Amino acid sequence: MALGYVALVLHAHLPFVRHPERDYVLEEEWLYEAITETYIPLLQVFEGLQRDGIDFKLTMSLTPPLVSMLRDPLLQERYTDHLGKLEELIVKEIENNQHNGHILYLAEFYHQEFTKIRQTWHQYNGDLIVGFKKFLDSNNLEIMTSGATHGYLPLMKMYPQAVWSQIKVACDHYQETFDRPPKGIWLPECAYYEGLETLLAKAGLRYFIIDGHGILYAHPRPRYGTYAPVFTEAGVAAFGRDHESSSQVWSSKMGYPGDPEYREFYKDLGWEADYDYIKPYIMPNGERKNTGIKYHKITNTQGNMGDKALYDPYWAREKAAEHAGNFMYNREQQIAHLANMMQRPPVVVAPYDAELFGHWWYEGPWFLDYLFRKAWYDQSTFDLVHLADYLRYNPTQQLCRLSQSSWGYKGFHEFWLNDTNTWIYPHLHQATERMIELSNLEPADELEQRALNQAARELLLAQSSDWAFIMRAGTMVPYAVERTKTHLLRFNQIYDDFQLGTINATFLDSIEAMDNIFPNLDYRVYRFSGNKELRK
């Protein structure tokens, strides 16, 4: 019998980026890259494990924006075209490198990988959610929800209606997608404030994930630290992130993805090939971009991209197997040590961004494949577990009041509220107050009903934590600013139309076609009345 449990958790999220009004938008490729490098490779790992009789257990969040984009026919069509361009380019690379042995080897490797990507894409008819639901139904995956648009909840807490709408819309969307209610939620950015659990309980959620210090600084101090969940006063359980297992992957100094044998992310054919040759495969305006075809490994050089050695997927795969074995060994030692001190089986919660596995760390899906196989065959110290199952096996836990926290820089809210993005919040708060006002209206006709629903969509999209994050991170800042302003302007246009008593049908048709997330959204979700509502 195992001494304890390990819960691997992947947070799969991208902001809602969809531009039918334009032929090309670079930011749409965030989705296409993640499909090619993360989501399809993960499904391929799951298929192989299931085929070989390995009853793996993995918890994932699939956020509503990501689910909506993966199911969108326009984006599916554009991804098919994107993959076709990759396949065309790699065929040219094979033709042009017939006398360049190692590059030819790598080009043929990528050609095989792209072929397998297309096979999986066709296997699910372009709808990868069908694939994830397949493994949810087989009980290999436990899928969580998140905020409706990944809004940063602690910075909305003065408006319970806004927090409730992020939670309720997400839960309803999950029900529509997976034909069952969600059991757990990945709080956007793992950001928690005291009292949030009451809203989660009202939505029917059983657990959420919090950063480790949110539990370690709880009152009273948890007897078992982050190695057992705690119950909040609302009855919802909180699981804390384990620092040790997280740092083995995340740490820039000791994390696995920095190994010299792994593929170098920042050296891409799109930036290195002859300009006239690569021009058909970069941006239409002629600016270079990443293609996803990378021929070099991290190597031991520091800061000099010109000295990178050529990549070899054979040795990288061997290194992924070695790291999977090391990760498993460390969890065995950790669980054995904890089991001697605890009066219940410990659980080590290891959460990561899903896009780390494949997109940023190309070998990440191989690592997971080896880890699941080694954990199944080579050890008996721990079992992999879903978080809901751990609660079912261990229904009695300590009651605590958690500490406000996030998994961001310095552990609180600074990354989402600072001198780069503070300007957005007065506008978001004003729009929230106006949405609460609109929610108390009753539409006179179908056009007004559509307008009120679209106003709610625009506010939700403006609240995405991704825009504030990008402004602080300093990457693609103009796009994040544009998206924040655009959604607020669209919202305010609808609000002003209601004040004037005239709805612009042409304008409404246009933004409904562009911002088509949550087709069944009911604006009345913003009527939530705080403590009075919670007593019902």
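Which residues does E437 touch, not counting residues up to four places away in sequence?

**Figure 1. The chain as a whole.** The predicted model contains 20 helices and nine strands. The radius of gyration of the chain is 24 Å, close to the 24 Å that the globule rule gives for 536 residues, so the chain is as compact as a globular protein of that length. The C-alpha trace spans about 70 × 65 × 45 Å along its principal axes. Of the 536 residues, 60% count as buried. Among contacts between residues at least 6 apart in sequence, 80% join residues at least 24 apart. The accessible surface comes to about 22000 Å², and 50% of this surface belongs to carbon and sulfur atoms.

Figure 2. E437 is found in α15, the helix formed by residues 424-439. Not counting residues up to four places away in sequence, E437 touches Y495 and Q499. E437 and Y495 are 58 residues apart in sequence, and their C-alpha atoms are 9.6 Å apart in space.

**Figure 3. Helix α3 and the elements packed against it.** Helix α3 comprises the 24 residues 73-96. At 1.5 Å a residue the helix should span 34 Å, and its end C-alpha atoms are 35 Å apart, which agrees. At the start of α3, a side-chain oxygen of D72 reaches to within 3.1 Å of the backbone nitrogen of L74. The buried residues of α3 include L75, Y79, H82, L86, L89, I90 and I94. The elements against which the buried residues of α3 pack are α1 (29-51), α2 (64-70), α4 (101-123), α10 (269-272) and α11 (275-278).

**Figure 4. T291 in the loop between α11 and α12.** T291 is placed in the loop that lies between α11 and α12 (313-339). The relative accessibility of T291 is 8%; because buried means under 20%, T291 counts as buried. A polar atom of the T291 side chain lies 3.1 Å from the backbone nitrogen of I293. Leaving aside neighbours within four places in sequence, T291 is in contact with L86, L89, D268, L269, G270, I278 and Y281. Among these contacts of T291, L86 and L89 are buried residues of α3.

Methods. Residues numbered from 1 in each chain as written. Heavy atoms only, no water. Helix = DSSP H or I, 4+ residues; strand = E, 2+ residues; numbered from the N terminus. Expected span 1.5 Å × (residues − 1). Buried < 20%, exposed > 50% of the residue type's maximum accessible area, 1.4 Å probe, protein only. Contact = heavy atoms within 4.5 Å. Polar contact = N/O pair within 3.5 Å; in protein donor to acceptor, adjacent residues only side chain to side chain. Rg over C-alpha atoms; globule rule 2.2 N^0.38 Å. Areas by Shrake-Rupley, 256 points an atom, 1.4 Å probe, with all protein chains shown as cover.
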